[in-house]
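Let's take a friendly walk through a protein model, looking at its strands, a helix and a charged side chain. Please keep the structure open as you read.

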Amino acid sequence: LLNVYDDVLYWMDDSDPAEGLEIGRKYGRVGRKELRDALIKKCKKHNVKYHNALVDGMNNTSEKSTVLCNDGFEASGRLVTLATGHNRELMQYESDETPFGWQ
């Protein structure tokens with residue numbers, strides 16, 4: 001973690017007080033590069049292969065999911081975790097409305 005705060009303030013809309021609302025718990029800020037480097041280091045230690053490409057899409061069935069990469073590479077598995085950050089193009093929603101935020 002780059003920073004740990006005892007509490008933080010947030011604002012949802014114009015009806016919230018100007019000084020903000022407290023989240024009421026500790027909050028940590030993760031360094032994306034540091035987290036990526038640490039995860040890749042652990043993967044290498046345990047012989048996990050890393051493929052450097054962008055994801056173009058996903059094919060999901062009841063038996064497996066296949067990740068389609070922009071270089072033509074495909075990776076299939078029974079458990080695929082989604083770590084898109086703010087890239088919502090790969091997300092499928094149950095309704096037509098896209099959620100405006102998440103944590």
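Strands β6 and β7 (residues 74-77) run antiparallel, joined by four bridges. Since you are looking at a model, keep in mind that this one is predicted. Within this pair, T66 stands opposite S76 in β7. The two strands form a hairpin, with four residues between them. Look in that turn for G72, which has a positive phi of about 90°.

On to another partner of β6. Strand β5 (residues 55-60) is also antiparallel to β6, and five bridges join the two. Here, too, the strands make a hairpin with four residues between them. You can follow the pairing residue by residue: V55 stands opposite C69 in β6, while M58 has V67 of β6 as its bridge partner.

Here are the two pairings in one view.

| Strand pair | Bridges | Direction |
|---|---|---|
| β5 and β6 | five bridges | antiparallel |
| β6 and β7 | four bridges | antiparallel |

Is strand β6 mostly covered or mostly open? Strand β6 (residues 65-69) is mostly covered, as four of its five residues are buried.

Now for the helix. Helix α1 covers residues 32-45, which makes 14 residues. What span should we expect for α1, at 1.5 Å a residue? The answer is 20 Å, and because the C-alpha atoms at the ends of α1 are 20 Å apart, the model agrees with that expectation. An α-helix has 3.6 residues a turn, so residues three or four places apart point the same way. After α1 comes N47, whose phi is positive, near 60°.

Finally, turn to a loop and its charged residue. D16 lies in the loop between β2 (9-10) and β3 (21-22). How far away is the nearest side chain of opposite charge from D16? That side chain belongs to R25 and is 15 Å away, so D16 has no salt bridge, which would need a distance within 4 Å. A polar atom of the D16 side chain lies 2.4 Å from the backbone nitrogen of M12. Leaving aside neighbours within four places in sequence, D16 is also in contact with W11 and L21.

Terms used: Residues numbered from 1 in each chain as written. Predicted model: local features only at pLDDT ≥ 70, side-chain atom pairs only at ≥ 80, totals over all residues. Heavy atoms only, no water. Expected span 1.5 Å × (residues − 1). Buried < 20%, exposed > 50% of the residue type's maximum accessible area, 1.4 Å probe, protein only. Pairing = 2+ DSSP bridges. Lys, Arg positive; Asp, Glu negative; His and termini not counted. Polar contact = N/O pair within 3.5 Å; in protein donor to acceptor, adjacent residues only side chain to side chain. Contact = heavy atoms within 4.5 Å.
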